[in-house]
Amino acid sequence: MVTTRLSLVAALSATTALAQFGPPPTTNVGQGCTSKSISVPSWIIQNLGKVENDVKFNITNRATGYTSGVRCKQGASDCLIAVADGGLKASIQLDGNKVQFAVNQTWTCNDRGTDLTFTALGNNSAPLNWTSPLLIRGSLLAPVAITPAYLEGPTGHKSPGCAATSEKPSWKLSAIHFTDQTGDGTSSTPFQMFNLLLTNPANGYEASCMPGTSYDYGNDLSTLVCAGVEFQSSSIGGFPITTTASFDTKTFTFSVKQTWFCDDHDASKPQNITASGTIKLPLECETNPVPDSPNDTKKSCIIPEEGDITMPGTVDALTILAPFVIEDPIPQRDGCTLTSIFNPKWSFSQFSVTTTPAGKEDIFFNIILAAENRGFQFPIPIYTGEAVKGKEGWYNCVVGQDGENAAPLWPYQCEFKYENATKNLEIRADWACVDFDPEHPILFSGVSSTTVSSPFECGPTYDGNNECVIDGSITWSADIQNVTWNSSP
């Protein structure tokens with residue numbers, strides 16, 4: 001095969017798995033055992049302490065909910081597990097008052113209608129007198145070897161002092177400007193604009209607030225749009241900071257309500273904080289005639305002195321979230337990896353056959369993995385490449401450009417055969433999934449066979465060829481058979 005992208009075929013692990021699973025259930029399983037086992041293989045240690053000379057604690061698997069008491073002797077290779085049927089092995093090392101935990105567990109999920117076995121390991125450490133829950137993040141060894149990529153979370157959630165500063169919330173306001181221009185609505189248009197920068201000192205989050213433009217340019221300053229890095233980052237996750245604000249043009253009163261998150265004090269008890277504040281801005285205004293519109297005036301208002309304004313606030317609500325969820329990946333519908341394991345299909349479209357006067361056929365089609373969660377990805381074109389040596393009728397794929405805007409959902413190399421008489425298309429493809437661990441792609445291979453059953457419309461092209469195409473709006477899917485996967489190093 002001709003590799004057109006992603007040099008991913010080097011040094012594969014020795015373990016190769018064969019996918020023999022049926023279609024997944026129709027219910028949403030984004031937060032089921034299988035999805036969580038791949039996205040957050042991890043454990044929580046609680047109730048750490050000593051009994052005589054032994055170390056004891058409780059452990060919970062975050063993917064399955066399995067919980068057991070554990071008792072460990074210093075130097076022993078394995079701890080005593082109270083619930084022995086959970087496939088758990090644990091050991092500890094004591095270094096003074098510090099405990100080093102090592103966990104290895106094998107478990108099975110059947111929420112997809114078939115059994116799939118997982119093995120993961122992880123480690124972490126804590127003082128022996130640690131009283132809060134402790135998170136151990138794991139790496140999967142089976143069925144795929146990946147270390148899930150966790151998220152950064154909302155701005156400043158781990159900043160020292162975030163929770164303490166939030167007890168008495170405030171905001172710094174800067175770059176404040178208000179414009180009010182008159183207009184008769186016929187020959188000139190009335191216009192208002194207000195904007196400022198709002199900074200939360202508890203977490204360092206900065207948002208720009210301004211009106212959302214209406215169709216008649218009559219901006220409604222009573223509902224401002226405030227936005228920060230959450231619109232430019234994909235690593236914040238399921239807990240973005242949200243801000244709503246308003247400005248009263250008559251009293252110059254600015255009001256804000258904001259929700260943010262802090263877990264700097266204890267990551268096992270993330271705080272969800274909502275606070276609000278109101279202040280009358282000390283704006284000074286200057287009114288001037290509008291050039292080319294002598295009957296209209298433009299009032300411009302700013303803060304006369306340089307520096308920020310501090311706006312005090314009050315806490316409206318404070319709730320405690322589930323332990324350690326701030327940086328967890330967002331539960332999603334099946335993307336590349338889970339689709340490739342449980343319900344692998346290619347989606348085809350835009351099929352065409354171009355025949356030269358000499359009788360040479362060039363095949364073209366679009367392809368994409370039929371995943372429920374495709375993000376912003378669209379089908380990619382496949383062109384006819386060189387003939388595959390030793391395989392009559394088979395051709396290497398020339399994979400088109402993908403725009404490199406997200407993780408791929410198509411082959412990085414493939415070969416295909418098309419029988420014009422039967423309209424049968426066969427494709428042998430290799431593809432890679434990076435949706436859980438971008439640093440270590442899972443490399444998949446499989447074969448698919450499908451019939452182009454849609455009618456063709458044929459006609460001459462400008463260069464003397466004959467082109468037969470199907471309706472461009474038609475798409476169809478075909479199962480990928482004999483799927484195998486390997487973990488890249």
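Trainee: Which cysteine forms a disulfide with cysteine 162, and how far apart are their sulfur atoms?
Mentor: In this predicted model, cysteine 162 forms a disulfide with cysteine 262, the sulfur atoms being 2.0 Å apart. A disulfide here is a pair of cysteine sulfur atoms within 2.5 Å.

Trainee: Where do cysteine 162 and cysteine 262 lie?
Mentor: Cysteine 162 lies in helix 2 (residues 162–166) and cysteine 262 in strand 15 (residues 253–262), so the pair ties together parts 100 residues apart in sequence. Helices (H or I, at least four residues) and strands (E, at least two) are DSSP runs, numbered from the N terminus.

Trainee: Why is the disulfide of cysteine 162 and cysteine 262 called left-handed?
Mentor: Because the torsion about its S-S bond is about -60°.

Trainee: Is cysteine 285 buried, partly exposed or exposed?
Mentor: Cysteine 285 is partly exposed, at 37% relative accessibility, whereas cysteine 301 is buried at 0%. Buried means under 20% relative accessible area, exposed over 50%, partly exposed in between (1.4 Å probe, protein chains only). A disulfide joins cysteine 285 to cysteine 301, and with 110° about the S-S bond that link is right-handed.

Trainee: How many disulfides does a search of the whole structure find?
Mentor: The search finds eight.

Trainee: On what basis are these values given?
Mentor: Local features need pLDDT of at least 70, side-chain atom pairs count only at pLDDT 80 or more, and totals for chains, interfaces and linings use all residues. Residues are numbered from 1 along each chain as its sequence is written, and side-chain values use heavy atoms, with hydrogens and water left out.
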